[in-house]
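I opened this entry to look up how one chain is put together. My notes follow the display below.

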Amino acid sequence: MAGESGMFMVQQTIGSVLCCKCGIPMQPNAANMCVKCLRSEVDITEGLLKRLMIVHCPECESYLQPPRTWIKLQLESKELLTFCLKKLQKNLNSNKVRMIHAEFIWTEPHSKRIKVKVKVQKEVMNGAILEQTYPIEYVQQDHMCESCSRVQANPDQWVAAVQLRQHVSHRRTFFYLEQLILKHGAAASAIRITQMDQGIDFFFSNRSHGIKFVDFVGKVTPVRSRNDKQLVSHDTKSNNYNYKFTFSVEICPICREDLICLPPKVAVSLGNLGPLVICTKVTNSIALLDPFTLRHCFLDAEQYWRTSFRSLLTSRQLVEYIVLDIEAVSSEVNIGGTKYVLADAQVARVSDFGKNDTMFSIRTHLGHLLNPGDYALGYDLYGANNNDDELEKYRGLVIPEAILIKKSFEEKRQKKRGKPRSWNREYQPSEMASVTDGEEVPSVPLDELLADLDLSEAGSDDDSMAE
């Protein structure tokens, strides 16, 4: 505004003074010294700790926080940095130094050293504030924690054991359950984990840890459990009893994408659902869908184990089909956040191509996903040999020839894998490549190669050279 009004503005300039030590120009400060000279005169890190000891358990990767607390920390994590800096705080306060930044310095994992670079700030001569960076070395002293030392002394020193079992031919549920256990740290307190034939055994040092783990498994999968205890020792004077507790947990054998034939009692209790249904989701309850009517229901663990049943066909028995024609017969329905559309489709098995003209007219719940020419995975009931007791109870039941489960993208993946490398337009194949890329490499017969060879001349030349 002053420039627009024509007023004269005086530019403010920062004055400079000479350093009292080296004489170079600098901006004035309370000490009248440049930074280099000030650092040479004053060391604000004097008296600060630069080497400390921390106790580390090599078995469980935990660190001792005095007096008796062990904390699990990962290398170069924020939690480990906070743990290391807390040991410095008292020393910094006593020297009237303020920490403004800290970060790790990379070290070899087997070096038993943790290095941290710390930037501190302190008021020095005549109120001047000086910043300085210095490294701190933490030496790891290995010492097993109490729980690990007990396990090492006696591996069978467990109090509670959880036997997790599922009687199926695959391990899909355990792979899914493993990710949930790692994500939520449900087995962090386990002292030992053993893989068994049809499941996994978890061992805990406390009964409450075993109960907590059983409750977690029951929240993510339909299970039934029973527990038992065995007397280990008894002190008659103090009337103390030591027991070992065992929890037997059985996971429901039903998995996602399984084809199920509901027992008559279960079908009636669910409003005459099915009887052929598809399992669409398994959490702490089982989601069932009738692919011919889009009726659905949810079975919790108590309802399932009251009248348990098994799968008629599993995902290992899926067959690939190709969709020849499809026509929607209903509008879109949203069930549990998933969209479905009933449709009449004409499909054929991919394995039948070039062998026969067998086609199937079926009804499917995937009308919103499939188009003519698409591939889908489903169960082949036309060629399957099913010896299911529940299926035989339904007399006069018309069994469909095929039931589609999901859309298949295997054909697109194969095309993508087999796609040749995309060369630039200016690329021209070399003459050598055009020759060697054929079926056979051109060759010269041996007779033509020996036609011009005269052994007599070669022999006379050799004789003349010898002379």
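First, my terms: helices (H or I, at least four residues) and strands (E, at least two) are DSSP runs, numbered from the N terminus. Two strands pair if DSSP finds at least two bridges between them. The model is predicted, so I noted that local features need pLDDT of at least 70 and side-chain atom pairs count only at pLDDT 80 or more, while totals for chains, interfaces and linings use all residues. Residues are numbered from 1 along each chain as its sequence is written, and side-chain values use heavy atoms, with hydrogens and water left out.

**Hairpin**

I began with strands E3 and E4. They form a hairpin with four residues between them. In the turn, glutamate 61 has a positive phi of about 55°. E3 and E4 run antiparallel and are joined by two bridges. Histidine 56 has tyrosine 63 in E4 as its bridge partner.

E3 (residues 51-57) also runs parallel to strand E8 (residues 129-142), with six bridges joining them. There, isoleucine 54 has glutamine 140 in E8 as its bridge partner.

**Whole chain**

I then looked at the totals. The protein chain has twelve helices and 25 strands. Of its 467 residues, 35% count as buried. Buried means under 20% relative accessible area, exposed over 50%, and partly exposed in between (1.4 Å probe, protein chains only). I take contact to mean heavy atoms within 4.5 Å. Among contacts between residues at least 6 apart in sequence, 60% join residues at least 24 apart.

**Five-strand sheet**

Which order do the strands of the open sheet of five have? I read E10-E11-E9-E13-E12, with mixed pairing. E10 (190-196) and E12 (223-235) stand at the edges, each with a single partner strand, so one side of each is left without a neighbour in the sheet. Neighbouring strands of this sheet are turned by 15° against each other on average, direction ignored. For such angles, axes are lines fitted to C-alpha atoms, for helices over the stretch in contact, and angles run from 0 to 180 degrees between N-to-C directions.

I checked one pair. E10 and E11 (residues 199-204) pair in the antiparallel sense over six bridges. Threonine 194 has aspartate 201 in E11 as its bridge partner.

**Helix H4**

H4 covers residues 172-184. Its 13 residues should span 18 Å at 1.5 Å a residue, and its end C-alpha atoms are 19 Å apart, which agrees. The expected span is 1.5 Å times one less than the number of residues.

Which residues of H4 are buried? I listed Thr173, Phe174, Leu177, Leu180 and Ile181. They cover an arc of only 120° around the axis, which puts them on the same side of H4. The arc is that of the directions from the helix axis to the C-beta atoms. These buried residues pack against E9 (160-165), E11, helix H5 (207-220) and E13 (240-251). On the other side of H4, Phe175, Gln179, Leu182 and Lys183 are exposed. Glycine 185 follows H4, and its phi is positive, near 60°.

**Single residues**

Serine 285 lies in strand E16 (residues 285-289). Serine 285 is buried, at a relative accessible area of 16%. Not counting residues up to four places away in sequence, serine 285 touches Pro222, Phe298, Leu299 and Asp300.

Last came the cysteines. Cysteine 84 is buried, at 0% relative accessible area. Cysteine 297 is buried too, at 12%. Taking a disulfide as a pair of cysteine sulfur atoms within 2.5 Å, I get a count of zero disulfides.
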